[in-house]
Amino acid sequence: MSFTIARTVDEALAALTAGATPIAGGTDLVVGARHGKAALPANLVAIDRLDELKAVVETKEGVSIGALVSHHAIETHPLLASAYCALADGSALVGSPATRHVGTLGGNIMNASPAMDTGAPLTVMGAEVELRSTRGNRRMPIEQLWTGPGRTSAEPGELCVAIHLPKPGPKANSAYVRLEYRRAMEIAVVGAAAFVALADDGTIAALRVGLTAVAPTILTCNLVEQIGRPVAAAAEHAAQMAMEQCTPISDVRASVGYRRHTVGVMARRAVEAAARRAAGEKIAIPVNRAVGIGAAS
Amino acid sequence: MSTSERIAFTLKVNGTDYPVDVEQGRNLLSVIRSEIGLTGTKEGCDDCECGACMVLLDGQPVNSCSYLAVQAQGRAITTVEGVIDGDEMHPLQRNILEEGGVQCGFCTPGMILSAHALLARNSSPSEEEVRIGLSGNLCRCTGYAKIVAAVQRTATELHA
């Protein structure tokens with residue numbers, strides 16, 4: 001049994017190689033242990049003080065987000081909240097202000113819940129995840145990270161260090177909406193993210209849709225056949241596709257039938273909101289309120 | 001989880017260093033209440049839902065029921081006992097009383113700390129921003145309106 005506080009990434013990697021489990025904000029690990037989902041690991045290495053993993057860096061290709069960037073930092077980051085809106089929408093919906101201050105992007109994706117609010121935003125925007133171990137670094141499309149509920153393709157000793165997003169390009173943006181029963185401390189009943197690029201005539205130039213909490217992992221579709229079609233028709237198509245492709249479960253939050261129906265509604269609203277943003281309209285983060293989800297206070 | 005193995009470290013709470021010797025899996029809430037003896041911080045749901053256990057960690061709100069005590073070492077922890085200024089109530093405390101935002105009082109310490117953190121990052125929040133700032137804190141008595149009014153009144157006072 002051990003607890004160490006890593007001061008550098010190399011210290012953290014050494015601890016992981018020795019068998020320790022990383023803990024950042026602990027919002028999944030500690031709560032999960034109390035629920036009996038999984039016992040708190042005997043050997044922990046705290047990675048929350050690794051400042052080198054807390055930066056958001058704009059690059060030639062797009063933006064690199066350190067694994068320890070908090071949801072609060074994401075939802076309030078000027079670049080992320082304007083050009084990478086779906087991610088900011090997702091982070092702004094996580095838990096409460098307390099959850100968003102200690103909860104990190106890396107923790108959210110490595111916990112690999114099918115209901116994670118940042119997963120669909122990341123897949124539709126073409127994210128890559130960067131893992132590091134004492135053997136070196138590797139990068140892969142983020143869809144390849146998740147192998148099932150709570151399971152990832154990360155190998156023992158590997159630490160998520162960054163998430164990389166490409167530039168959206170001209171007349172392109174994104175949105176994430178989720179169905180929720182209350183406005184805080186909620187987990188997605190279902191959710192949908194959309195990335196939309198518009199042609200000069202306002203038709204679809206690119207459309208990707210990601211679905212939350214309706215399959216063992218985030219479900220993502222690249223709807224290339226919608227290129228050249230009007231936004232309204234593409235949104236309707238996305239709704240139909242979402243309902244056909246999803247494989248939801250019934251649980252305490254919703255039944256299969258309810259999830260199947262509502263994920264279509266979420267997909268349509270996500271495409272419409274992303275298209276409005278792509279056309280230059282500013283819609284507040286999180287977009288949920290603007291698309292009519294959740295009663296006004 | 002084996003909770004038998006103990007670990008000794010220091011927690012800085014409201015500016016005072018407290019040496020503690022507790023099980024590795026102990027949450028910050030139980031250490032603040034039972035080892036350090038500051039009982040203003042409340043245990044409500046013990047499940048990261050209600051916010052009664054809210055403390056500030058380096059100024060940011062944290063649910064202490066779901067945060068390992070050992071992970072808080074080296075950080076500045078603020079509890080409701082720490083927002084008071086000498087014998088003077090903090091304006092948030094005074095205004096929550098004056099606006100009638102306290103009935104049973106169980107949620108009040110957590111509300112005050114969430115509001116404290118909110119005002120530190122946004123000195124003149126709108127009503128919607130106050131409601132978002134307090135969205136991790138449940139109150140089953142007041143209906144929130146008076147608590148929100150107290151936070152907005154405090155913001156106005158601190159600006160004057």
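The legends below describe close-up views of a predicted model. Local features need pLDDT of at least 70 and side-chain atom pairs count only at pLDDT 80 or more, while totals for chains, interfaces and linings use all residues. Residues are numbered from 1 along each chain as its sequence is written, and side-chain values use heavy atoms, without hydrogens and water.

**View 1. The two domains of chain B.** Contact (heavy atoms within 4.5 Å) joins 16 residues of domain 1 to 13 residues of domain 2.

**View 2. The domain 1 side of the interface in chain B.** The two domains bury about 1,100 Å² between them, 68% of it on carbon and sulfur atoms; buried area is the accessible area (1.4 Å probe) lost on putting two parts together, summed over both. In domain 1, Met54(B), Leu56(B) and Val80(B) lose the most area to domain 2, together 41% of what that side buries.

**View 3. The surroundings of Asp48(A).** Asp48(A) is buried, with a relative accessible area of 9% (buried means under 20%, with a 1.4 Å probe and protein chains only). The side chain of Asp48(A) makes polar contacts with the side chains of Gln71(B) at 3.0 Å and Arg75(B) at 2.7 Å. A polar contact is a pair of N or O atoms within 3.5 Å; within protein, one must be able to donate a hydrogen and the other to accept it, and residues adjacent in sequence count only if both atoms are side-chain atoms. Beyond four places in sequence, residues in contact with Asp48(A) include Ile23(A), Leu68(A) and Tyr67(B).

Terms used: Chains are lettered from A and ligands numbered from 1 in the order in which they are written. Buried means under 20% relative accessible area, exposed over 50%, partly exposed in between (1.4 Å probe, protein chains only).
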